[in-house]
Amino acid sequence: MDERRILFKVDNGYDIYSFRERSDEYRMLFTGLTYGGLTEDEVRKRVEELKAEPLPICGPGYEIEKVDFILGEWEKKLLMYKAADFAKIELVRCGYTMESVEAKVFAYNDLILGIKDGMNMIIAMNELERVRQIPLKKAKFFLLMPNSYDRGQTDAFLAELDSHVSGMI
């Protein structure tokens, strides 16, 4: 497990209850995207509202850097291009590892944002080629619970992202 996700109480950090409320809200937004209850625009608007509200800092609380990392990951998942389609990729026992899929998807989304912000097309083409070269690792079989993304759905989603980026260039 990533050490950045393990939270410890410190003397001066983010309020524990406020962090839990924000994390639960992000989880509910992601669930709404997954099961079709919310649109991407509604989620994007709510995430921007939540980002504008700073978490209070208090006596015993959670470490600021780690909380920022965890909430940043949620925000990245919720604000990315085609977030609803990504949320609907099934979890299976033996597919692509979550880390490798998310790294590739986030790299595509960073490239999309760069192109929208006026990135040089030659640099964008080089970056697209770099993103295409990011490997997808196969997960080991885990008996108790699904721990990876379905290969077919992931490949289809990544092909759609690639064609979108290619069209933008």
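Student: Which residues make a nonpolar surface patch of about 340 Å²?

Tutor: A patch joins residues with over 30% relative accessible area and no salt bridge; like charges are joined within 9 Å, nonpolar side chains (Val, Leu, Ile, Met, Phe, Trp, Tyr) within 5 Å. A salt bridge puts a side-chain nitrogen of Lys or Arg within 4 Å of a carboxyl oxygen of Asp or Glu. Here the patch is made by Met121, Ile122, Met125 and Ile169. This is a predicted model: local features need pLDDT of at least 70, side-chain atom pairs count only at pLDDT 80 or more, and totals for chains, interfaces and linings use all residues. Residues are numbered from 1 along each chain as its sequence is written, and side-chain values use heavy atoms, leaving out hydrogens and water.

Student: Where is Met125, and why does Met125 count as partly exposed?

Tutor: Buried means under 20% relative accessible area, exposed over 50%, partly exposed in between (1.4 Å probe, protein chains only). Met125 lies in helix 6, residues 121–132. Met125 counts as partly exposed because its relative accessibility is 44%.

Student: How many disulfides does a search of the whole structure find?

Tutor: A disulfide is a pair of cysteine sulfur atoms within 2.5 Å. The search finds 0. Cys58 is partly exposed, at 24% relative accessibility. Cys94 is partly exposed too, at 38%.

Methods
Accessible areas come from the Shrake-Rupley method with a 1.4 Å probe; for residues, only the protein chains shown count as cover. Helices (H or I, at least four residues) and strands (E, at least two) are DSSP runs, numbered from the N terminus.
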